[in-house]
Amino acid sequence: MRRAVLVGTGSSALVVALLALKPHQIPGPDTSAARSPVPSHTSTGASTGTGTYTGDPVDTRYGTVQVAVTVTDGRITAVKVIQAPDQNGRDQQISSQALPQLTQEAIKAQSAHIDAVSGASYTSQGYAQSLQSALDQAHV
Amino acid sequence: MSDTTAGLRHVEHVMGSVFSFDIRDEPTPAVRRALDEAVHHLHRIDEVFSTYRPDSCISRLGRGEIRREDCPSEVLEVLFLCAHAARVSDGWFSIVPEGTLDPSGLVKGWAVEAASRILHEAGAHDTCVNGGGDIQIRGRAAPATPWRIGVAHPLRPGELVTVVTAHDDLAVATSGTAERGAHIVDPFTGRPATALASLTLVGPRLTLTDTYATAAFARGDGARDWLEGLHGYEALAVTPDGGEWRTTGFHRYGS
């Protein structure tokens, strides 16, 4: 069980690291999520950290952002945007691509079996923060 | 082994970026206190060094309103490190990259390294501190399991160029244009550096690893030869057309 918790929390920092990478991607409307088969790479040994957890709403300069994360056996299987700022056409266009991509990345990186990601920095701050609070609930 | 270790994790928004702490050691009270201290330290560094705050020490120093002696001792340390990095990089790292005093290119890595050290001194020996994609690793992810750090592909979002495996303490820093547009300037021309899409450097400690990565990125075409001669550091670069090059010893860390 503890081991599962460890694996699960390992994923959470990874996701936040990934989210910190994306360029000019403003969290968007409820375009949500990618559900994808996640190849298992370690045996977690137990099934804690399963369920859907809603993150805190986070105020950004674009508006309020809130996400929920679905975790199965300590692994992220989907990220859903519950609240997002009002958007103009351009932002809408960006986010309709960005969010599924961010989620895919989070899921893909888990299967790449890595602990963190190095890349030039950019912060999708509200998204990352709300996601982290959801993950904190999932694992603590 | 890890079965008995809950670990500790924290994400902090500071310095306009996301800092994450991944501590694999037992979260003893001492380790928790050290994490609080490390986070506090990041905010303090931001207060002193932020070029976005007109009242920060570094802004006031840049405007000539105060002297170096009026600043906290960290300012002198940073200025010294910047001078060292400028010398080693033949001026490709600059503390006045766009004409005004701005040691930001060194401060973030220095802050991460300091945070990592605070944790280490409190007994957390297996840690990963990540400051917006620039990373200081210590120890191992788990007993007999090295940390694995993905290097984001600058041209293909969501893909990794390689995975760096850290068998011991290691710093990994990536400089690039992709995430925020061109934001590293060539200190000799004042124009954005565009010869590379990204450059990832591994080295022992993040302060200089990150700073040299920035310098190498600005240097562009000449970076490879310079880095080959830099003891203790190895690099992987991606060019704007998707080409890649690595220094000769990079294979010790990743493919």
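The model is predicted: local features need pLDDT of at least 70, side-chain atom pairs count only at pLDDT 80 or more, and totals for chains, interfaces and linings use all residues. Residues are numbered from 1 along each chain as its sequence is written, while chains are lettered from A and ligands numbered from 1 in the order in which they are written.

**Figure 1. Chain B as a whole.**
Chain B holds six helices and 10 strands. Helices (H or I, at least four residues) and strands (E, at least two) are DSSP runs, numbered from the N terminus. The C-alpha atoms fill a box of roughly 55 × 45 × 30 Å along the principal axes. A compact globule of 255 residues would have a radius of gyration near 18 Å, and chain B has 18 Å, so the two agree. That radius is taken over C-alpha atoms, and the globule rule is 2.2 Å times the number of residues to the power 0.38. Of the 255 residues of chain B, 49% count as buried. Buried means 20 or more other C-beta atoms within 10 Å of the residue's own, exposed means 12 or fewer, and partly exposed lies in between; C-beta atoms are placed from the backbone. Take the contacts in chain B between residues at least 6 apart in sequence: 56% join residues at least 24 apart. A contact needs two C-beta atoms, placed from the backbone, within 7 Å.

Helix 3 runs over residues 73-88 of chain B. Its 16 residues should span 22 Å at 1.5 Å a residue, and its end C-alpha atoms are 23 Å apart, which agrees. The expected span is 1.5 Å times one less than the number of residues. Val78(B), Cys82(B) and Ala85(B) are buried in this helix. Seen down the axis of helix 3 of chain B, the buried residues fall within an arc of 65°, so they line one face. The arc is that of the directions from the helix axis to the C-beta atoms. What covers these buried residues includes helix 4 (104-121) and helix 5 (206-219) of chain B.

**Figure 2. Helix 3 meets helix 4 in chain B.**
The axes of the two helices come within 10 Å and cross at roughly 115°. Axes are lines fitted to C-alpha atoms, for helices over the stretch in contact, and angles run from 0 to 180 degrees between N-to-C directions. Helix 3 of chain B passes helix 4 of chain B in a right-handed crossing. From helix 3, Val78(B), Leu81(B), Cys82(B) and Ala85(B) make the contact; from helix 4, Leu106(B), Val107(B) and Trp110(B) do. A crossing is left-handed if the near helix is turned anticlockwise from the far one by less than a right angle, and right-handed if clockwise.

**Figure 3. Helix 4 of chain B, end to end.**
Helix 4 has 18 residues. It reaches 25 Å from its first C-alpha to its last, close to the 26 Å expected. The helix is mostly covered: 13 of its 18 residues are buried. Just after helix 4 of chain B, Gly123(B) takes a positive phi of about 105°.

**Figure 4. Two loop residues with positive phi.**
Most residues other than glycine have a negative phi. Asp90(B) is not a glycine, yet it has a positive phi of about 55°. Asp90(B) sits in the loop between helix 3 and helix 4 of chain B. With 11 other C-beta atoms within 10 Å, Asp90(B) is exposed. Ala144(B) also has a positive phi, near 65°. Its place is the loop between strand 4 (134-138) and strand 5 (147-152) of chain B. Ala144(B) has 7 C-beta neighbours inside 10 Å, so it counts as exposed.

**Figure 5. Asp186(B) and its contacts.**
Asp186(B) lies in the loop between strand 7 (170-176) and strand 8 (198-203) of chain B. It has 18 C-beta neighbours inside 10 Å, so it counts as partly exposed. Leaving out residues up to four places away in sequence, Asp186(B) touches Arg191(B), Ala193(B) and Ala218(B). Asp225(B) is 39 residues from Asp186(B) in sequence and 17 Å from it in space, C-alpha to C-alpha.

Chain A has three helices and five strands. Along the sequence, the pattern is α-β-β-β-β-α-β-α. Buried residues make up 54% of the 140 residues in chain A. Val58(A) belongs to strand 2 (residues 58-60) of chain A. With 21 C-beta neighbours inside 10 Å, Val58(A) counts as buried. Gln83(A) is 25 residues from Val58(A) along the chain, and their C-alpha atoms are separated by 9.4 Å.
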